[in-house]
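Here are my notes on the model you sent. Please read them with the structure open.

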Amino acid sequence: MTGVHGRDWRPRYLQLAEELRVKIMAGEMAPGTLMPSETELAESSGLSRTSVRNAIRQLREWGLVRAEQGRGTYVRAPRQRVRRRNSERYQWEKDRVLLDEAERLKTGATEHDTGLTVDDLKFHAEYSRVEADAEMAAALQVEPGTLLLRRVYWTSSRRESAPLTVSYSYLPYDLVAANPDLLDESKEPWPGGTQHQLYTIGIELDRIDDEIRARPPSPDEAELLDIDPGVSVLTVRKTSVDTTGRVVEVADVVMPGDRTELVYSHKLQRWKT
């Protein structure tokens with residue numbers, strides 16, 4: 001190894017991790033390659049085994065390597081990335097509502113975020129009826145105990161087993177029951193998504209508010225999303241408000257932090273001169 005020295009302001013383990021990252025990204029260490037052992041890396045870099053372990057941990061958090069118990073650490077194949085441009089995504093979804101079904105069937109929000117096609121994806125949906133707890137009642141501006149339709153969605157690439165994201169959606173049950181098809185999970189994936197579903201019961205969205213947080217994954221989330229130790233999840237609390245000011249849906253979208261990008265662009269008004 002070269003370039004790991006004290007003149008760089010970064011910790012030495014991070015220098016080593018960056019050097020290895022460059023080799024992986026350049027294809028010098030192909031997917032499936034067994035990484036050198038801790039001893040070999042320590043000898044070639046002049047670092048302690050503790051620093052080497054920290055460097056390997058950093059590579060795991062970047063999603064570049066995977067440790068296999070009793071076998072070693074391997075370079076992993078690039079994971080499918082999700083790039084959500086929420087500032088344009090929601091208007092794109094709204095514009096599609098008025099298209100005919102044939103057009104809406106051609107693509108969806110996940111395809112928009114990943115560049116994949118409908119045939120590249122596997123979709124999963126689970127519906128259930130739940131009562132609003134205090135936190136969700138406040139978010140939906142309803143009374144605690146109000147009956148809700150809870151929808152759990154996830155989509156994965158056919159090349160990977162782990163979902164790209166997981167979404168937990170909540171709508172007032174009596175609101176969506178106006179169209180019985182909206183209570184049927186077998187109708188998913190619905191052409192045009194939630195905005196079109198709401199359109200079928202006469203609802204037009206005025207705005208969608210996003211609240212973004214980063215946190216450690218729960219054990220269930222780590223297993224489902226195939227997240228390595230140390231990798232955080234990004235969560236988006238998505239609140240949909242109709243043209244009368246009524247909250248009609250609250251959704252929590254959970255995304256693996258090592259392969260998700262959130263992109264926002266805001267047009268700024270010019271100063272008057």
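1. Confidence. pLDDT is the predictor's confidence in each residue, on a scale from 0 to 100. The chain averages a pLDDT of 91, and 97% of the residues score at least 70. Confidence is lowest in strand S1 (residues 65–68), with a mean of 84, and highest in helix H7 (residues 134–140), at 98. Helices (H or I, at least four residues) and strands (E, at least two) are DSSP runs, numbered from the N terminus.

2. Ground rules. This is a predicted model: local features need pLDDT of at least 70, side-chain atom pairs count only at pLDDT 80 or more, and totals for chains, interfaces and linings use all residues. Residues are numbered from 1 along each chain as its sequence is written, and side-chain values use heavy atoms, with hydrogens and water left out.

3. Annotation. An unreviewed UniProt entry lists residues 10–78 as "domain: HTH gntR-type". Such annotations may be inferred rather than shown by experiment. The span is 51% helix and 12% strand, and its end C-alpha atoms lie 26 Å apart.

4. Helix packing. Helix H2 (residues 38–45) packs on helix H3 (residues 49–61) at about 110°, with the axes 9 Å apart. Axes are lines fitted to C-alpha atoms over the stretch in contact, and angles run from 0 to 180 degrees between N-to-C directions. H2 and H3 are therefore roughly perpendicular (65 to 115 degrees). H2 contributes Glu38, Thr39, Leu41, Ala42 and Ser45 to the contact, and H3 contributes Arg49, Val52, Arg53 and Ile56 (heavy atoms within 4.5 Å).

Methods: Parallel < 35°, antiparallel > 145°, perpendicular 65-115°, else oblique.
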